[in-house]
Amino acid sequence: MTRSLAADDAAELIRRAYEVGPPRPRPLPHAPPGWRVQEQAAGGTVAGRLLGKSALVTGAARGIGRATAELFASEGARLVLSDRDGPGLAQLREALALTPGGVESVVGDVAEPADARRMIETAVRRYGRLDVLVANAGIIPFGNVLEATPESWDQVMAVDGRGMFLTCKYAIEAMLATGGGAIVCLSSISGLAGQRNQAAYGPAKFIASGLTKHLAIEWAGHGIRVNAVAPGTIKTDRVRLLGEEPGGASYLDAIRRMHPMGRLGEPVEVAQAILFLASDEASFITGAILPVDGGYLAQ
Ligand code: RM4
């Protein structure tokens, strides 16, 4: 029986794969200890889950954004980091200076169209494309509807709402030019369920959830996936500061007990979920809002 060329090719590929063996961990020349990079069996190239992908992380100077930037760097991403906090951003850029994929930083405000555009354009100029957007920048005003002011409503809607809209908008424009990409928005347990003391912030996070679903549908046919994570209460600087605001300490104690796992989350635990949704491992996932909340939303 004559075997088809395709079958011969497949047999040869399998034989070679066995010869080379499974991926072996191999440190990058400049990688800090503990970086998870692997040598791919077939190509002999160094691979991380974001190897060669250009990624913008907004609100990168602290908290979940910073943990995401650090994790993405270790997975081979080519980074653009943005934040309003110039010194914080400079410090992170310095810490990640040896990132093999490269690091750019943009000081700016996602709520300003020109700034938001500059963040995306920086990725396109430096790396030729934008593959991943993590729309993370946000503020968390704390308080019930009697305490919330028109100004605090406008501020949170500008940063968490309009800023997410603008960065998604310009990112999608850039992604369309290069055949697709992945967006991960930062929603929250407060963007899927009601909570006390989140009268302005909670509705802003419902915008994040809504934007995720609507943009996922709009662009599913164009190779752009749009997903979100919905973190529970995470041990960020902002949440630590909450403890010092009026009513903050008792709020934090109560909210910790409302998480079935009985603890608050770590920023890196959210970053791991963001990484998954941003990577090709999530290639058939779009429009999903993944809780990272110790079981909070399962109740
Ligand atoms: C989070 C979520 C948490 C809350 C913090 C302050 O996004 O709503 O439950 O504790 O914000």
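Analyst: Let me begin with Asn197, which counts as buried because 21 other C-beta atoms lie within 10 Å; a residue is buried if 20 or more other C-beta atoms lie within 10 Å of its own, exposed if 12 or fewer, and partly exposed in between, with C-beta atoms placed from the backbone. Please keep in mind that this is a predicted model, where local features need pLDDT of at least 70, side-chain atom pairs count only at pLDDT 80 or more, and totals for chains, interfaces and linings use all residues. Residues are numbered from 1 along each chain as its sequence is written.

User: Where is Asn197, and what is its phi?

Analyst: Asn197 is in the loop between S8 and H6, where helices (H or I, at least four residues) and strands (E, at least two) are DSSP runs numbered from the N terminus. Its phi is positive, about 65°, although Asn197 is not a glycine. Most residues other than glycine have a negative phi.

User: Is strand S8 mostly covered or open?

Analyst: Strand S8, residues 181–186, is mostly covered, with six of its six residues buried. On one side are Gly181, Ile183 and Cys185, and on the other Ala182, Val184 and Leu186, so that both faces are covered by the definition of buried given above.

User: Which strands does S8 pair with?

Analyst: Strands pair if DSSP finds at least two bridges between them. S8 is joined by four bridges to strand S7 (residues 132–135), and the two run parallel, with Val132 standing opposite Ala182 in S8. Six bridges join S8 to strand S9 (residues 224–231), again in parallel, and here Ile183 stands opposite Val226 in S9, while the partner of Gly181 is Ile224.

User: What do the helices do between those strands?

Analyst: S7, H5 and S8 make a right-handed β-α-β unit, and S8, helix H6 (residues 201–219) and S9 make a right-handed one too. Right-handed means that, with the strands pointing away from the viewer, the path from the first strand over the helix to the second runs clockwise.

User: How many residues of S9 are buried, and what does S9 join next?

Analyst: Eight of the eight residues of S9 are buried. Four bridges join S9 to strand S10 (residues 289–292), which runs parallel to S9, and the bridge partner of Ala228 in S10 is Ile289.

User: Changing topic, how many residues are in the largest nonpolar core?

Analyst: The largest nonpolar core has 78 residues, and those with the most contacts inside it are Leu56 and Ala171. Helix H5, residues 150–177, gives the most to this core, with 10 residues. Such a core is a set of buried Ala, Val, Leu, Ile, Met, Phe, Trp, Tyr and Cys residues joined through C-beta atoms within 7 Å.

User: And what surrounds the ligand?

Analyst: Around the ligand are residues including Ile140, Ser188, Gln195, Thr233 and Leu242, each having its C-beta atom, placed from the backbone, within 6 Å of the ligand. The shell divides into five nonpolar, six polar and no charged residues, where Ala, Val, Leu, Ile, Met, Phe, Trp, Tyr, Cys and Pro count as nonpolar, Asp, Glu, Lys and Arg as charged, and the others, Gly among them, as polar.

User: Last one: is Gly265 buried or exposed, and where is it?

Analyst: Gly265 lies in the loop between helix H8 (248–258) and helix H9 (267–278), and it is buried because 21 other C-beta atoms lie within 10 Å. The C-alpha atoms of Gly265 and Val292, 27 residues apart along the chain, are separated by 8.1 Å.
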